[in-house]
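Visitor: I have a structure that I would like to read with some care, one question at a time. Could you show it and guide me through it?

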Amino acid sequence: MADKITKIDIITRKTKFDELKEALNEIGIMGMTVTQVLGCGTQKGDVQYYRGVATELKLLPKIKVEIVVCEVPVEKVIEAANAVLRTGEIGDGKIFVYEIQDAIKVRTGARGKEALENE
Ligand SMILES: Nc1ncnc2c1ncn2[C@@H]1O[C@H](COP(=O)(O)OP(=O)(O)OP(=O)(O)O)[C@@H](O)[C@H]1O
Ligand SMILES: [Mg+2]
């Protein structure tokens with residue numbers, strides 16, 4: 001199984017989801033998993049300060065898009081996501097990239113790269 005399979009998680013503003021989905025579709029992304037999540041980043045969820053002390057982490061609603069790719073280059077996905085998501089304001093989101101060991105398409109038993117292809 002020489003072909004490298006990669007998972008990309010994009011966690012960002014809910015309001016950006018439609019535009020992101022469109023951009024991913026345009027670069028040939030076939031499958032994705034989307035979840036509504038709660039999260040915070042380095043600002044601890046744009047936390048309020050009380051007498052100079054940060055109150056507890058505030059979790060904000062976000063959208064998480066999980067994509068597993070083989071043919072589509074990872075950098076292309078990152079570029080497409082950045083182009084849609086970057087406003088320069090805090091909270092634009094985070095992208096995490098993982099190596100995936102294998103993929104199995106249950107209907108056919110296809111493994112690895114083939115599991116991600118449209119036969
Ligand atoms: N270190 C992390 N580990 C896991 N999830 C994270 C981490 N940082 C951010 N996230 C997730 O990404 C979402 C978006 O984070 P956010 O865009 O605020 O990142 P940031 O690093 O604080 O950048 P910015 O300074 O632009 O706000 C968070 O709500 C959280 O769900
Ligand atoms: Mg933040």
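Guide: Let us begin with a definition: helices (H or I, at least four residues) and strands (E, at least two) are DSSP runs, numbered from the N terminus. This is a predicted model, in which local features need pLDDT of at least 70 and side-chain atom pairs count only at pLDDT 80 or more, while totals for chains, interfaces and linings use all residues. Residues are numbered from 1 along each chain as its sequence is written, chains are lettered from A and ligands numbered from 1 in the order in which they are written, and side-chain values use heavy atoms, with hydrogens and water left out.

Visitor: Where is Ile 104 found?
Guide: Contact means heavy atoms within 4.5 Å, and, when residues up to four places away in sequence are not counted, Ile 104 touches Ala 110, Arg 111 and Ala 115. As for its place in the chain, Ile 104 is found in the loop between β6 and α3.

Visitor: How far apart in space are Ile 104 and Glu 114?
Guide: Glu 114 belongs to helix α3, which covers residues 112-115, whereas Ile 104 sits in the loop between β6 and α3. The two are 10 residues apart in sequence, and from C-alpha to C-alpha the distance in space is 8.5 Å.

Visitor: What pattern does the protein follow along the sequence?
Guide: The protein has 3 helices and 6 strands. Read along the sequence, these elements follow the pattern β-α-β-β-β-β-α-β-α.

Visitor: What is the radius of gyration of the protein?
Guide: The C-alpha trace spans about 60 × 25 × 20 Å along its principal axes. The radius of gyration is taken over C-alpha atoms, and the globule rule is 2.2 Å times the number of residues to the power 0.38. For 119 residues that rule gives 14 Å, and the protein is more spread out than a compact globule because its own value is well over this, at 17 Å.

Visitor: Which residues of helix α1 are buried?
Guide: Buried means under 20% relative accessible area, exposed over 50%, and partly exposed in between, with a 1.4 Å probe and protein chains only. On the face of α1 turned away from its buried side are the exposed residues Asp 18, Asn 25 and Glu 26. The buried residues of this helix, which runs over residues 17-26, are Phe 17, Leu 20, Ala 23 and Leu 24.

Visitor: Why do the buried residues of α1 line one face of the helix?
Guide: An α-helix has 3.6 residues a turn, so residues three or four places apart point the same way. The arc used here is that of the directions from the helix axis to the C-beta atoms. Seen down the axis of α1, the buried residues line one face because they fall within an arc of 130 degrees.

Visitor: Which elements do the buried residues of α1 pack against?
Guide: After α1 comes Gly 28, whose phi is positive, near 90 degrees. The packing partners of the buried residues of α1 are β1 (5-12), β2 (33-39), β5 (60-69) and α2 (74-85).

Visitor: Which residues does Gly 91 touch?
Guide: Gly 91 lies in the loop between α2 and β6, and it counts as partly exposed, since its relative accessibility is 29%. Not counting residues up to four places away in sequence, Gly 91 touches Arg 13 and Lys 62.

Visitor: With which residues is Thr 87 in contact?
Guide: Thr 87 has its place in the loop between α2 and β6, and at 40% relative accessibility it counts as partly exposed. Leaving aside neighbours within four places in sequence, Thr 87 is in contact with Arg 13, Lys 16 and Asp 92.
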